[in-house]
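Here is a structure to look through by question and answer. Each reply sets a value against its cut-off.

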Amino acid sequence: MAPEVAKEDKAEAKPKTEKQTNCLACNKLIKKLKRYYRNGKLYCSKKCWRAFVSKSKAEATEEKKK
């Protein structure tokens with residue numbers, strides 16, 4: 001019984017992290033051969049990364065206006 005309890009404790013200690021499979025800007029599936037990695041996140045292209053950055057900056061300025 002003791003080994004089973006030890007296995008459960010180890011499983012609870014490490015939460016499983018999900019891998020990012022879709023682009024944050026356009027929500028397309030990211031393929032292994034074609035991906036763009038910036039700031040710890042994956043995008044399908046440089047164009048999508050720039051769109052995501054500009055969108056987030058626009059949202060930040062709107063929040064400051066409120």
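This is a predicted model: local features need pLDDT of at least 70, side-chain atom pairs count only at pLDDT 80 or more; totals for chains, interfaces and linings use all residues.

Q: Which residues does Lys 28 touch, leaving out those up to four places away in sequence?
A: Lys 28 touches Thr 21, Asn 22 and Cys 23. Contact means heavy atoms within 4.5 Å.

Q: Why is Lys 28 called exposed?
A: Its relative accessible area is 53%. Exposed means over 50%, buried means under 20%, and partly exposed lies in between (1.4 Å probe, protein chains only). So Lys 28 counts as exposed.

Q: Where is Lys 28 found?
A: Lys 28 is in the loop between helix 1 and strand 1. Helices (H or I, at least four residues) and strands (E, at least two) are DSSP runs, numbered from the N terminus.

Q: What makes the phi of Asn 27 worth a remark?
A: Asn 27 is not a glycine, yet its phi is positive, at about 65 degrees. Most residues other than glycine have a negative phi. Asn 27 also lies in the loop between helix 1 (2-13) and strand 1. Its relative accessible area is 55%, so Asn 27 is exposed.

Q: Which loop holds Asn 39, and what is its phi?
A: Asn 39 sits in the loop between strand 1 and strand 2 (41-43). Its phi is positive, near 55 degrees, and it is a residue other than glycine. At 70% relative accessibility, Asn 39 counts as exposed.

Q: Why is the pair of Tyr 36 and Trp 49 called tilted?
A: The ring centres are 5.9 Å apart and the planes stand at 50 degrees. Rings of Phe, Tyr and Trp (its six-membered ring) pair if their centres lie within 6.5 Å; planes under 30 degrees apart are stacked, over 60 edge-to-face, and the rest tilted. So this pair is tilted. It links distant parts of the chain: Tyr 36 is in strand 1 (residues 36-38) and Trp 49 in helix 2 (residues 46-65), 13 residues apart. Tyr 36 and Trp 49 are buried.

Q: Why is the pair of Tyr 43 and Phe 52 called tilted?
A: Their ring centres lie 5.6 Å apart, with planes at 50 degrees, so the pair is tilted. Tyr 43 counts as buried because its relative accessibility is 3%. Phe 52, at 25%, counts as partly exposed.

Q: Where does Arg 38 lie relative to Trp 49?
A: Arg 38 lies over the face of Trp 49, at 5.9 Å from the ring centre. A charge sits over a ring if NZ of Lys or CZ of Arg is within 6 Å of the ring centre and within 35 degrees of the ring normal.

Definitions and conventions
Residues are numbered from 1 along each chain as its sequence is written. Side-chain values use heavy atoms; hydrogens and water are left out.
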